[in-house]
Amino acid sequence: MTTLTLHHTGRTLRHLAPGLAFTAVITALAVYAGTLPTLSHAGLSALTLAILVGMIVGNTFWPRISAPCEPGVLFAKQHLLRLGIILYGFRLTLSDVAGIGASGLVIDIFTLSSTFFLACWLGQKLFKLDRQTSWLIGAGSSICGAAAVLATEPVVKAPAGKVTVAIATVVIFGTLAIGVYPLLYPWLATWFGPQAYGVFIGSTVHEVAQVVAAGQAISTDAGNAAVIAKMLRVMMLAPFLLFLAARVKQLAPAGQDAAGKITIPWFALLFIVVAMVNSLHLLPAQAVSMLVTLDTVLLTMAMAALGLTTHLSALKQAGVRPLLLALMLFIWLIVGGGAINLLINAWLG
């Protein structure tokens, strides 16, 4: 049994090695480039550069080398990202999480619910999309991008084609957000300090990886606040799916099997646990520093993988009406989400 297990593990590692090595090369280039004064002064961090390099490669010669690399790249995009987010907790303490306060939680609740209900109304009434497509795009835009779409799929029992379209839309506009939010910050700095702007990013940008990149492009404080706000938002995935399952059951014809399984975002909970452990100062400072460095490497590899899998061909695949819905939600998240942030901050301080 042990021999078989070792053989299977070795085969899995060989299967993943080319893609992981390729993302590691992009990571090394991005980390080095991020230290160059010209790029660092322009606000281009290693995370942002890794995405940009990945997108350039992914839309040029990637098809010629994708076959051996794809398993490792997908592993980095999914599993290394989650591990990186968990280890991100070593950059924070419970006082940092508490610093976001009740206002951050209320902002997430209002932004999530308004975005999803707007997606349902616009999708079905204005753009004449079917209910499943509207729900999937709404879930991806309001909670956590592709992960939310994939978690929603078994609940609403959507076919693979609709899932692919929804993922394409949230990847496109979430990637666009990485560049838009840092560009908007100088114009909005009068109303948002770095921490408040981080909460704005965390409560409105689609994917976890995109939140990390956009927040860190502004400042460390903004990046930390963005991740905390995003993790609170990700933890709302489970109650959201429970609500959606009840709605699916309500709309299902009598006698028909309704909703499927519900996904629990365990990595978001583990992020909080790690922040709690870090608050107790149980590990030596040197060990925490090493873990933070490892975390930076893992997150940068995940960003490279995200760039490699962001293809411009997804625009054609998604179609016009789903893209228009996702565009309207993107605009709402910036304008409406910004208004929600300002109003809740003024209300709750």
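**Ground rules.** I am working with a predicted model, where local features need pLDDT of at least 70, side-chain atom pairs count only at pLDDT 80 or more, and totals for chains, interfaces and linings use all residues. Residues are numbered from 1 along each chain as its sequence is written, and side-chain values use heavy atoms, with hydrogens and water left out.

**Entry 1: H3 against H14.** I took helices as DSSP runs (H or I, at least four residues), numbered from the N terminus. I looked up H3 (residues 46–58) and H14 (residues 285–308). They pack at an angle of about 30 degrees, and their axes are 6 Å apart. Axes here are lines fitted to C-alpha atoms over the stretch in contact, and angles run from 0 to 180 degrees between N-to-C directions. That angle makes H3 roughly parallel to H14; the class covers angles under 35 degrees. The crossing is right-handed, meaning the near helix is turned clockwise from the far one by less than a right angle.

I then checked the contact (heavy atoms within 4.5 Å). On the H3 side I noted residues including Ala46, Ile51 and Gly54. On the H14 side, Leu299, Met303 and Gly307 are among them. The contact residues divide into 11 nonpolar, 4 polar and no charged. Nonpolar means Ala, Val, Leu, Ile, Met, Phe, Trp, Tyr, Cys and Pro; charged means Asp, Glu, Lys and Arg; the others, Gly among them, are polar.

**Entry 2: salt bridges.** I searched the whole structure and found 2. The criterion is a side-chain nitrogen of Lys or Arg within 4 Å of a carboxyl oxygen of Asp or Glu.

Aspartate 295 pairs with arginine 91, with the closest N and O atoms 2.8 Å apart. Aspartate 295 lies in H14 and arginine 91 in the loop between H4 and H5, so the pair ties together parts 204 residues apart in sequence. Aspartate 295 is buried at 0% relative accessible area, while arginine 91 is partly exposed at 27%. Buried means under 20%, exposed over 50%, partly exposed in between (1.4 Å probe, protein chains only).

Aspartate 130 pairs with lysine 162 at 3.2 Å between the closest N and O atoms. Aspartate 130 sits in the loop between H5 and H6, and lysine 162 in H8, 32 residues apart. Both are partly exposed: aspartate 130 at 31%, lysine 162 at 24%.

**Entry 3: positive phi.** Lysine 128 is not a glycine, yet has a positive phi of about 55 degrees. I place lysine 128 in the loop between H5 and H6, exposed at 60%. Histidine 281 has a positive phi of about 55 degrees. Histidine 281 is in the loop between H13 and H14, exposed at 64%.

Technical notes. Helix = DSSP H or I, 4+ residues; strand = E, 2+ residues; numbered from the N terminus. Parallel < 35°, antiparallel > 145°, perpendicular 65-115°, else oblique.
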